[in-house]
Amino acid sequence: MNQREANSGSLDLSAFWMPFTANRQFKSAPRLLSGAKGMYYTSYDGRRILDGTAGLWCVNAGHCRDEIVAAVREQAEEMDFAPTFQMGHPKAFEAATKIAKHTPGDLKHIFFTNSGSEAVDTALKIALAYHRSRGEGQRTRFIGRERGYHGVGFGGISVGGIAPNRKAYSGGLLPSVDHLPHTLNIAEAAFSKGQPAWGAHLADELERLVTLHDASTIAAVIVEPVAGSTGVLIPPQGYLQRLREICDKHGILLIFDEVITGWGRLGAPFAAQYFNVTPDLLTMAKGTNNAAAPLGAVAASHAIHDTIVNGAPAGIELFHGYTYSGHPIATAAACATIDLYEREQLFERAARMSPVFETAIHKLRSEPHVIDVRNLGLVGGVELKPRDGAPGARAYEVFVKCFEKGVLTRYTGDILAFSPPLIVDEQQIDEIFTTVAQVLRETD
Ligand code: PMP
């Protein structure tokens, strides 16, 4: 079946209620992918599509890598599932050990989830359990950030700062949450290459919130080191360091949500190492197993782990977990993925390709409609001037036209986002941005 047949109705599109998608718009002109290898997808109508986004910021080693496919197949044949409560299986332990080799500082205790959203909610619960174990159970408040995206659980949307994601559910949000301002300021820092020089002072807003709420009520601050989903917001120089200092001063935990920045995207294992700022809890998902099966995780420090585990009376220490925490197939894929990252030195490769990516994306500066370009490592955003009265429409059109020309991009509002697999080469980087430039010139 090809795209035309899908359009003409022989593939029934009605039953699948698609996530984060304008269903009616999509189903009137579907864009379907049916195959993937390395840097490319194959569209349903047989076209080769260059993947400028690593799927959804997740296929960091490139698609359908033989070693990962083999590991998934072998595990599926050997043992599909093992109970994960009060029972174990080797792959989950092996995967945790491999992950802990790359996590920063002493964040060496790995709690598995199935997604980034679950990792975020798990991290928030661990933070509360930690304070309670230390006799500071009154620390229940979380501080997130405007334009933060932390998945779609009730914890995640509460600490997240995206109004439409919260609006319909406002009755169910966590009660004690406040938000820092986001750090994007196009007037001050447009077209910054890498980290903007402007904006470290915005971290001092945390002191204001501490004064307002009193430190003794605050459990944790959660931020994405680079905010991805709301349009690639790069932290100002010194900003994350300042957040760390203020958290330390007041006994507040710092959580980095590294679902996007983890696993080499910035040219280091995690953003924590890239920025040289170590959080107390770190969430990951996506690149952990190259998105071969659903998997997320939280890495916790010794202090947090030991306080909860040793502080609890004999029995279960953390009343939390998922049927599929450490699923055999997902963790087998993680083991093979991390081996691949190490063998091919893909994080070092990402660091080497970052200047090439930076030069290429900033060439878009002079193209029509572009009001900002921002980048760090192998992630970048291009902000377009919104069309009068139709926010998001211009970027959507560019996204669709790029797909028609064989390049997969992502858009959020009027921002185009780019995050190719770490195996991307110079020609492919050039093709991505040359195509975008061409499309921008053809777009009103
Ligand atoms: N946190 C961040 C920073 C993310 O980017 C995402 C997903 N884009 C999530 C959490 C949620 O992950 P998932 O979609 O796997 O639940």
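**Exercise 1. At what angle do helix α5 (residues 90-102) and α14 pack, and how far apart are their axes?**

Solution. Helix α5 and α14 pack at about 35°, and their axes are 8 Å apart. Axes here are lines fitted to C-alpha atoms, for helices over the stretch in contact, with angles from 0 to 180 degrees between N-to-C directions. Helices are DSSP runs of H or I with at least four residues, strands are E runs of at least two, and both are numbered from the N terminus.

A word on the model before going on: it is predicted, so local features need pLDDT of at least 70 and side-chain atom pairs count only at pLDDT 80 or more, while totals for chains, interfaces and linings use all residues. Residues are numbered from 1 along each chain as its sequence is written.

Next, the handedness: α5 passes α14 in a left-handed crossing (the near helix is turned anticlockwise from the far one by less than a right angle; clockwise would be right-handed).

Now find the contacts, meaning C-beta atoms, placed from the backbone, within 7 Å. On the α5 side they include Lys-91, Glu-94 and Lys-98, and on the α14 side Thr-331 and Cys-335. The residues of this contact divide into 8 nonpolar, 1 polar and 3 charged. Nonpolar covers Ala, Val, Leu, Ile, Met, Phe, Trp, Tyr, Cys and Pro; charged covers Asp, Glu, Lys and Arg; the others, Gly among them, are polar.

**Exercise 2. How does helix α4 (residues 66-78) pack with helix α14 (residues 328-343)?**

Solution. Start with the geometry: the angle is about 155° and the axes are 8 Å apart. That makes α4 roughly antiparallel to α14, a label for angles over 145 degrees. The crossing of α4 past α14 is right-handed.

Then look at who meets whom: Ile-68, Val-72 and Gln-75 are among the α4 residues, and Ile-329, Asp-339 and Leu-340 among those of α14. The residues of this contact divide into 11 nonpolar, 2 polar and 2 charged.

**Exercise 3. What is the strand order of the open sheet of 4 strands, and which helices pack on it?**

Solution. The order is β11-β12-β15-β14, with antiparallel pairing (a pair needs at least two DSSP bridges). At the edges sit β11 (370-376) and β14 (410-412), each pairing on one side only. From one strand to the next, the twist averages 20°.

Zooming in, β11 and strand β12 (residues 379-384) pair over 6 bridges, and Val-370 has Leu-384 in β12 as its bridge partner.

Helix α15 (residues 346-362) touches β11, β12 and β15 (415-418), with its direction at about 180° to that of β11. Helix α16 (residues 393-404) touches β12, β14 and β15, with its direction at about 40° to that of β15.

Definitions and conventions:
Angles under 35 degrees count as roughly parallel, over 145 as roughly antiparallel, 65 to 115 as roughly perpendicular and the rest as oblique. Two residues are in contact if their C-beta atoms, placed from the backbone, lie within 7 Å.
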